[in-house]
Amino acid sequence: MQSDIRRLKRKEYLNDTLIEFGLRLWLNNLRMTDQALADQIYIFSPFFYSQFSCKKSIGAVPLFLTPLLTVYSAHNLEDGYKSMWRWTSKVNLFKKKYIIVPINEE
C-alpha cells in the first residue's frame, strides 16, 4: 500500500495495481454517466498481458495476433485455450464493443 502511494509522486512509474485501479475508477465513473457505453467496455487486468507475454518459448504456438498483443501457448493450442478461458470465463468478449488490454512494461 505504501509503495503504491509512493508511485503517485512525480517522475515515478505507475505499477499494475495503480493502472488497474485507475481504469476501474474511470469505468465506474463512466457507468454513472453513460451506462450503455460502459456496458460495451471490458478492461483486462494489466496482469493479463504480463501473464501471456512470458509464455514465449522455443516452439511456442501463436494463438492469435493483433497489432498490440500476441498470445502464445507454450505447449499446444489446448493449453493456450485453457489459459485464455480462465481470464474470460465470466464475460462474453464477443458482446463487447471495446476491449482494453493495459500493457505495463518496465
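Select H2: its 18 residues should span 26 Å at 1.5 Å a residue, and its end C-alpha atoms are 26 Å apart, which agrees. The expected span of a helix is 1.5 Å times one less than its number of residues. This is a predicted model, in which local features need pLDDT of at least 70 and side-chain atom pairs count only at pLDDT 80 or more, while totals for chains, interfaces and linings use all residues. Residues are numbered from 1 along each chain as its sequence is written, and side-chain values use heavy atoms, with hydrogens and water left out.

Stay on H2 and colour its buried residues, which are Asp 16, Leu 18, Ile 19, Leu 27 and Leu 30. Buried means under 20% relative accessible area, exposed means over 50%, and partly exposed lies in between (1.4 Å probe, protein chains only).

Next, show the side chains of Glu 20 and Arg 24. Both lie in helix H2 (residues 16-33), four residues apart, about one turn of the helix. An α-helix has 3.6 residues a turn, so residues three or four places apart point the same way. Glu 20 and Arg 24 form a salt bridge, with the closest N and O atoms 3.5 Å apart. A salt bridge here is a side-chain nitrogen of Lys or Arg within 4 Å of a carboxyl oxygen of Asp or Glu. Glu 20 is partly exposed at 22% relative accessibility, and Arg 24 is partly exposed at 32%.

The structure holds two salt bridges. To see the other, select Arg 31 and Asp 39, whose side chains meet at 3.9 Å, N to O. Relative accessibility is 29% for Arg 31, which counts as partly exposed, and 38% for Asp 39, which also counts as partly exposed.

Now go to the loop between helix H1 (2-6) and H2, where Lys 11 is found. Lys 11 is not a glycine, yet has a positive phi of about 65°. Is Lys 11 buried or exposed? With a relative accessible area of 85%, Lys 11 is exposed.

## An aromatic pair

Rings of Phe, Tyr and Trp (its six-membered ring) pair if their centres lie within 6.5 Å; planes under 30 degrees apart count as stacked, over 60 as edge-to-face and the rest as tilted. By this rule the count is one aromatic pair. Select Tyr 42 and Phe 44: the pair is edge-to-face, with 5.0 Å centre to centre and 90° between the planes. Both residues, Tyr 42 and Phe 44, are buried.

## The whole chain

Zoom out and turn on the cartoon. The protein has five helices and four strands, in the order α-α-α-β-α-β-β-α-β from the N terminus. Helices (H or I, at least four residues) and strands (E, at least two) are DSSP runs, numbered from the N terminus. Of the 106 residues, 25% are buried.

Finally, colour by pLDDT, the predictor's confidence in each residue, from 0 to 100. The protein averages 77, and 68% of the residues score at least 70. Confidence is highest in helix H3 (residues 35-39), at a mean of 97, and lowest in strand E2 (residues 61-65), at 48. Over residues 56-65 the pLDDT is below 50, and this stretch has 23 contacts in the model beyond near neighbours in sequence. Contact means heavy atoms within 4.5 Å.
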